[in-house]
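This report covers the salt bridges of one protein model and the packing of one of its helices.

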Amino acid sequence: MSGTIAVAPDKRWSAAGWLFEWAVEALAEDLDDDAAVASLREIVDDNLGWLGLDDLSPAARAEVLRRIRTELVDRADRELPPTLPHRAEAVDLLRDLSRLAENA
């Protein structure tokens with residue numbers, strides 16, 4: 001199973017389900033918008049495999065984009081276990097997501 005984040009209608013990022021869920025959970029943490037937090041957690045809990053940032057409120061979308069651009073890769077570097085198979089590739093995929101978010 002995989003998951004996709006639609007950063008913009010024409011910019012999509014896909015990854016293995018576990019990495020998608022890790023990213024969505026990380027983005028949900030400490031988000032100021034309760035409705036967005038509930039939506040992100042529902043995506044993970046129900047294994048929906050899809051997050052469209054355009055479905056979020058403008059403020060939540062801006063915050064999630066900022067966090068993707070500035071925090072997600074560093075967090076993965078800190079939190080993903082060094083023994084995780086294909087860890088470097090997972091972090092590289094998150095870098096790809098970050099680059100997509102920079103142009104959104």
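Counting as a salt bridge any side-chain nitrogen of Lys or Arg within 4 Å of a carboxyl oxygen of Asp or Glu, the total is 9 salt bridges. This is a predicted model, in which local features need pLDDT of at least 70, side-chain atom pairs count only at pLDDT 80 or more, and totals for chains, interfaces and linings use all residues. Residues are numbered from 1 along each chain as its sequence is written, and side-chain values use heavy atoms, with hydrogens and water left out.

| Salt bridge | N to O distance |
|---|---|
| Arg75 and Glu29 | 2.8 Å |
| Arg75 and Glu79 | 2.9 Å |
| Asp54 and Arg61 | 3.0 Å |

Arg75 and Glu79 both belong to helix α4 and sit 4 residues apart, about one turn of the helix. Helices are DSSP runs of H or I with at least four residues, strands are runs of E with at least two, and both are numbered from the N terminus. Salt bridges with shared partners also join Glu63, Arg66, Arg67 and Glu71 into one network.

Accessibility is classed as buried (under 20% relative accessible area), exposed (over 50%) or partly exposed (in between), using a 1.4 Å probe and protein chains only. Arg75 is buried at 14%, while Glu79 is partly exposed at 40%.

In helix α3, the buried residues are Ala60, Val64, Leu65, Arg67 and Ile68. They lie on the same side of α3, because their arc around the axis is only 165°, taken from the directions from the helix axis to the C-beta atoms. On the other side, Pro58 and Ala59 are exposed.
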